Amino acid sequence: MEVERVQAVASGADLNEFPAKFIRPAHERPENTKPLEGVSVPVISLAESHDVLVKEIYKACSEWGFFLLKDHGISPGLIEKLQEVGIEFFKQPQEEKEKYANDPSAGKFEGYGTKMTKNLDEKVEWVDYFFHLMSPPSNVNHQIWPQIPSSYREVTEVYNKELLKVTDTLLELLSEGLGLEGKVLKSHVGGDEIELEMKINMYPPCPQPQLALGVEPHTDMSALTLLVPNDVPGLQVWKDDNWVVVDYLPNALFVHVGDQIEVLSNGKYKSVLHRSTVNKERTRMSWAVFCAPPHKAMIGPLPELVDEQNPAKYSTKTFAEYRYRKFNKLPQ
């Protein structure tokens, strides 16, 4: 079944009639849900002392579920190369990109796609993407990775190694913020079997950005999501009943707490509700890496955090079960 790509719609000569499938319900449209002005998201430097980091990350993740991380040790040159090879893929002719087409409805999530999850009113987000696993090696299928440009694999594998180090550090700091040993959270999200999943999002210029969304409001099902964007703003996070714009900070990692860390922390850390708006003139892109447990991992509130005063707020289930329910918009 042929899928209409957003990039192709956006480059169509006549877009006087904006396709109805992209028009959000009135209560979701950016024109009706303006973000709060003058509020900034937390910015944390990994160069801070250990004790300061534990406190700052606990505060950011319990109050926001989100922060910008700088001084994380990943070189600006590597981030630039990662973005170059992703941009190069999306510049390929349409028939070249279609060789990698995925089919989420058949359970084939890796590859080039446009729509990933069901939504109840069948609205389509203004985004095309490329999704593939980066880690662990036993789960990686290099056949589905872009072959053009030829440097894609080498650059992405180096980025994967660097991101695994940052993930380890963050999980340790998050564990200590809960008063636990540093290794606890990592062991519960799969240890060395933790999955890193790359999703390159491409949001073409949109003729009616006040009516559409790049990504609808959602929380990530991952444990953590570590994202780098290009310099076109669009990400907004939900805080105290308002949308807050996340400003671009060059070379920072945008760190999202995902659902699995919220569950494991028994609600002490918040999985951040967020959305992506689009731009009339410029293409926005982001490179999101989802750090997720293996499918067989059992995820529930950590026993150390549950007692009579603090009963479990979430059920325990495999990540596979959680994922199935989230994709199909079923209650957890």
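## Terms and model

Buried means under 20% relative accessible area, exposed means over 50%, and partly exposed lies in between (1.4 Å probe, protein chains only). A salt bridge is a side-chain nitrogen of Lys or Arg within 4 Å of a carboxyl oxygen of Asp or Glu.

This is a predicted model: local features need pLDDT of at least 70, side-chain atom pairs count only at pLDDT 80 or more, and totals for chains, interfaces and linings use all residues. Residues are numbered from 1 along each chain as its sequence is written, and side-chain values use heavy atoms, with hydrogens and water left out.

## Salt bridges overall

The whole structure holds 18 salt bridges. Some join into a network: Arg-24, Glu-28, Glu-216 and Lys-329 are linked this way.

Glu-96 pairs with Lys-99, with 2.9 Å between the closest N and O atoms. Glu-96 is buried at 15% relative accessibility. Lys-99 is exposed at 62%.

Lys-239 and Asp-240 also form a salt bridge, at 3.0 Å from N to O. Lys-239 is buried, with a relative accessible area of 16%. Asp-240 is exposed at 59%.

## A bridge between two loops

Asp-231 forms a salt bridge with Arg-282; their closest N and O atoms are 2.9 Å apart. Asp-231 sits in the loop between strands E7 (224–229) and E8 (235–239), and Arg-282 in the loop between strands E11 (274–276) and E12 (284–292), so the pair ties together parts 51 residues apart in sequence. Strands (E) are DSSP runs of at least two residues, numbered from the N terminus.

Asp-231 is partly exposed at 40% relative accessibility. Arg-282 is partly exposed at 41%.

Notes
Helices (H or I, at least four residues) and strands (E, at least two) are DSSP runs, numbered from the N terminus.
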